[in-house]
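This briefing is meant to be read with the sequence and the model side by side. It takes up a few local features in turn, grouped by topic.

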Amino acid sequence: MIAAQLKIANRREVFRYMRTKYLRTGEDTSKAEIAKQTGISNPTLMKITEFFMEKGLLEAGGEMVLSVGRPSQMLKVKRDCMYAVGFLLEGMYLFMGVVDIFGGIVFRKILEVERDMMAVSRQIRDGLVTEVLSEAGIDRRKLAGIGIAVPASYDMKTRTISTGRMVKIDRETYMGDYIDEMEAMYHVPVFLENDANAECLGASNMRNLFGEGGDMLLISLGTGIGAALMLDGKLRRGFHERCGEIWCNVPGSREPLGPGKTLEDQISLQEVFKKYGMEYRDGVKGMSPAIRRRIAEDIAKELAVVIHNANTLIDCQDLVICGQVIELLGEPFLEAVNRHLEELMPLGSHPKVQVESPFAGIAGIAGTCIEYQVERILES
């Protein structure tokens with residue numbers, strides 16, 4: 001390894017160790033501990049910590065009193081050194097939040113919006129970024145990036161979106177000009193991502209504290225339905241940037257794909273609520289416990305088949321359901337999904353399904369901005 005690469009690798013190791021330790025224990029770190037745990041020599045470690053202090057990533061913590069000699073100065077990652085703003089469009093709801101360098105969401109908000117991605121994108125560009133920063137009390141100079149997650153396929157190479165019928169994206173649409181305009185306005189990187197992919201990234205970071213993740217299958221269910229797949233800690237995008245997409249599955253039928261025949265048409269919250277004569281936007285307001293259980297059972301039965309079929313092929317260690325379905329149907333829904341999975345595979349081959357809030361997507365997409373900026377500092 002050449003000297004420049006070794007320098008960056010050592011910086012990355014020190015920063016990763018300090019941040020992970022704080023996330024796990026809430027404690028500051030001494031240079032002696034870092035040297036012991038990473039194997040980096042004291043002179044090299046001194047240069048690294050001085051570099052981090054200059055860049056504003058670290059600050060002095062408390063003092064550790066030793067049995068002999070002078071107290072040792074502790075160090076800690078500076079929590080307020082940078083922030084990223086994240087937006088996740090979930091059909092008729094826009095989730096908004098601000099994330100710090102630890103991946104923690106320090107501000108969150110939900111806005112009901114028009115189911116039109118381009119219209120919402122303009123709202124984000126022209127006012128919502130500034131509004132969120134103001135309400136969160138964040139100095140704009142500390143903005144590290146803006147992340148936007150949408151219920152559509154996004155091709156990073158061509159910077160185009162497609163298959164976003166829930167938000168009026170019915171053809172391939174170029175987003176490069178929009179991203180460039182945003183970056184020119186706010187002078188920070190702007191990242192676009194599929195909503196389920198963002199939720200998968202956020203859920204993985206929460207479980208692994210920015211460490212090496214494993215395999216995860218995530219299902220996102222709200223106004224529409226989507227999915228994402230992580231293998232060996234890396235998001236799997238697929239040849240057409242559509243890996244994990246399940247909305248077009250045909251549940252329990254041999255009829256050809258067509259209007260009203262897809263999985264999304266059958267079990268998205270919007271469509272299921274409609275079958276029971278209710279509006280999705282009203283949530284569970286006025287809903288009887290019996291109807292709530294029936295809706296949970298209807299969705300869980302179909303969804304369990306999809307999860308079973310998908311996970312039989314990829315055998316993930318983590319199965320996660322994310323989205324408004326968790327907020328609205330809660331524990332009875334989760335219990336029903338796991339019960340149906342056990343019926344499909346009685347030998348217990350599937351792990352238990354876990355749940356995450358839609359704000360996992362905010363942590364995922366805004367966290368991408370944070371990691372990008374941290375890496376730029378490490379490589380500078």
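**Surroundings of Ser-220**

Leaving aside residues up to four places away in sequence, Ser-220 touches Ala-196, Glu-199, Ile-225, Gly-226 and Cys-322. The model is a predicted one, and the points below should be read with that in mind.

- Ser-220 has its place in strand β12, which covers residues 216-221.
- Ser-220 counts as buried because its relative accessible area is 5%, and buried means under 20%.
- The side chain of Ser-220 makes a polar contact with the side chain of Glu-199, at 2.7 Å.

- Glu-172 is found in the loop between β9 and β10, the latter being residues 173-174.
- Glu-172 counts as exposed because its relative accessible area is 56%, and the cut-off for exposed is over 50%.
- Not counting residues up to four places away in sequence, Glu-172 touches Thr-160, Ile-161 and Ser-162.
- Asp-155 is 17 residues from Glu-172 in sequence, and the two are 9.9 Å apart in space, C-alpha to C-alpha.

**Helix α4**

- Helix α4 runs over residues 117-136 and spans only 24 Å between its end C-alpha atoms, whereas a straight helix of 20 residues would span 28 Å at 1.5 Å a residue.
- At Gly-127, α4 bends by about 55 degrees.
- The N-terminal end of α4 is capped by Asp-116, which has a side-chain oxygen 3.2 Å from the backbone nitrogen of Met-118.
- After α4 comes Gly-137, whose phi is positive, near 70 degrees.
- The buried residues of α4 are Met-117, Ala-119, Val-120, Ser-121, Ile-124, Arg-125, Leu-128, Val-129, Val-132 and Leu-133.
- As a general point, an α-helix has 3.6 residues a turn, so residues three or four places apart point the same way.
- The elements against which the buried residues of α4 pack are the strands β4 (83-90), β5 (93-100), β6 (105-112), β7 (143-150) and β9 (160-162), together with the helix α5 (176-186).

**The largest pocket**

- The largest pocket has a volume of about 980 Å³.
- Its lining is made up of 35 residues, of which Leu-201, Asn-205, Phe-210, Thr-368 and Glu-371 lie nearest the centre of the pocket.
- Two or more residues of this lining come from each of α1 (3-25), β11 (190-194), α6 (195-208), β14 (234-236) and α11 (360-379).
- Which element gives the most to the lining of the largest pocket? That element is α11, with nine residues.

Methods: Residues are numbered from 1 along each chain as its sequence is written. This is a predicted model: local features need pLDDT of at least 70, side-chain atom pairs count only at pLDDT 80 or more; totals for chains, interfaces and linings use all residues. Side-chain values use heavy atoms; hydrogens and water are left out. Helices (H or I, at least four residues) and strands (E, at least two) are DSSP runs, numbered from the N terminus. The expected span of a helix is 1.5 Å times one less than its number of residues. The bend at a residue is the angle between axes fitted to the seven residues ending there and the seven starting there. Buried means under 20% relative accessible area, exposed over 50%, partly exposed in between (1.4 Å probe, protein chains only). Contact means heavy atoms within 4.5 Å. A polar contact is a pair of N or O atoms within 3.5 Å; within protein, one must be able to donate a hydrogen and the other to accept it, and residues adjacent in sequence count only if both atoms are side-chain atoms. On a 1 Å grid over the protein atoms alone, a cavity is a set of points where a 1.4 Å probe fits but cannot get out, and a pocket is an open set with protein on both sides within 12 Å along at least five of seven lines; lining residues have an atom within 4 Å of a point. Grid points are joined across faces, edges and corners, and a volume is the space filled by probe spheres set on the points.
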